[in-house]
Amino acid sequence: AALAERAVAAGADLLGVAGGDGTQALVAGIAAAHGLPFLVISAGTRNHFAMDLGLDRDDPAACLDALTGAGVEQRVDLGVIGERTFVNNASFGAYAEVVQSPAYRGDKRGTTLQMLPDILNGHRGATLTASAGQATITGPQALLVSNGPYAMTDIADLHQQADALWREGKFDRALAIYRLVLALDPADRAARARQQPPEKQPAK
């Protein structure tokens, strides 16, 4: 952010940054504050913002084509929480706790499955309280603030992983993960709620 501010002070007429959603948000906020165009180079871990813009997340160098006249200007809204800008969404609770783990980048699925039971059972992470209008929600497991339409999918095949844990007799871990899948996938919530966990295998 400091480097971007120095570039503006030196007379830059465009700002760009190579990085993921968090890095993009830092520089996008500065570009917006100064009325400058902003170049997105998809070089982060997830690159959801770059995907929303139609960029190739597997070819960051192609983003530089925008500097040759091949780029397309798009105007997008930015979200702000407190004094922090975000480009697509801001997350609190279970998912945010997992992705902040240093182990997450190297093993997303394994880290998610290892951390979720303690988080969802209240042994780890912050306790959230959310207010929207006159409604107050105490203790939600996850809270997502989205800058536009947003759909959650079955993170890291969690439902299938929970089925496997249930069959292995690891019921506490499986139930904790089922709870998160139901909370994060409202479109599928009713169908999931009608389903019973897989039958326990008879002891041998």
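Of the 204 residues in the protein, 32% are buried, where buried means under 20% relative accessible area, exposed over 50%, and partly exposed in between, with a 1.4 Å probe and protein chains only. This is a predicted model, in which local features need pLDDT of at least 70 and side-chain atom pairs count only at pLDDT 80 or more, while totals for chains, interfaces and linings use all residues. Residues are numbered from 1 along each chain as its sequence is written, and side-chain values use heavy atoms, with hydrogens and water left out.

The accessible surface comes to about 12800 Å², of which 51% belongs to carbon and sulfur atoms; these areas come from the Shrake-Rupley method with a 1.4 Å probe, and for residues only the protein chains shown count as cover. The secondary structure consists of eight helices and eight strands, taken as DSSP runs (H or I, at least four residues, for helices; E, at least two, for strands) and numbered from the N terminus. Among contacts (heavy atoms within 4.5 Å) between residues at least 6 apart in sequence, 50% join residues at least 24 apart.

The largest pocket has a volume of about 1100 Å³. A pocket is an open set of points on a 1 Å grid over the protein atoms alone, where a 1.4 Å probe fits, with protein on both sides within 12 Å along at least five of seven lines, and lining residues have an atom within 4 Å of a point; points are joined across faces, edges and corners, and the volume is the space filled by probe spheres set on them. Of its 32 lining residues, Asp21, Gly22, Arg84, Asn89 and Val99 lie nearest the centre. Helix H2 (21-33), strand S4 (84-86), strand S5 (89-93) and helix H4 (94-99) each supply at least two lining residues, and H2 gives the most, with six. The lining divides into 13 nonpolar, 14 polar and five charged residues, where Ala, Val, Leu, Ile, Met, Phe, Trp, Tyr, Cys and Pro count as nonpolar, Asp, Glu, Lys and Arg as charged, and the others, Gly among them, as polar.

The second largest pocket, with a volume of about 910 Å³, is lined by 28 residues, of which Phe38, Leu39, Val72, Glu73 and Gln74 lie nearest its centre. H2 and strand S2 (38-42) each supply at least two residues of this lining, which divides into 20 nonpolar, three polar and five charged.

Glu73 also forms a salt bridge with Arg75, at 3.9 Å from N to O, under the rule that a side-chain nitrogen of Lys or Arg lies within 4 Å of a carboxyl oxygen of Asp or Glu; by this rule the count is one. Glu73 is exposed, at 66% relative accessible area, and Arg75 is exposed at 78%.
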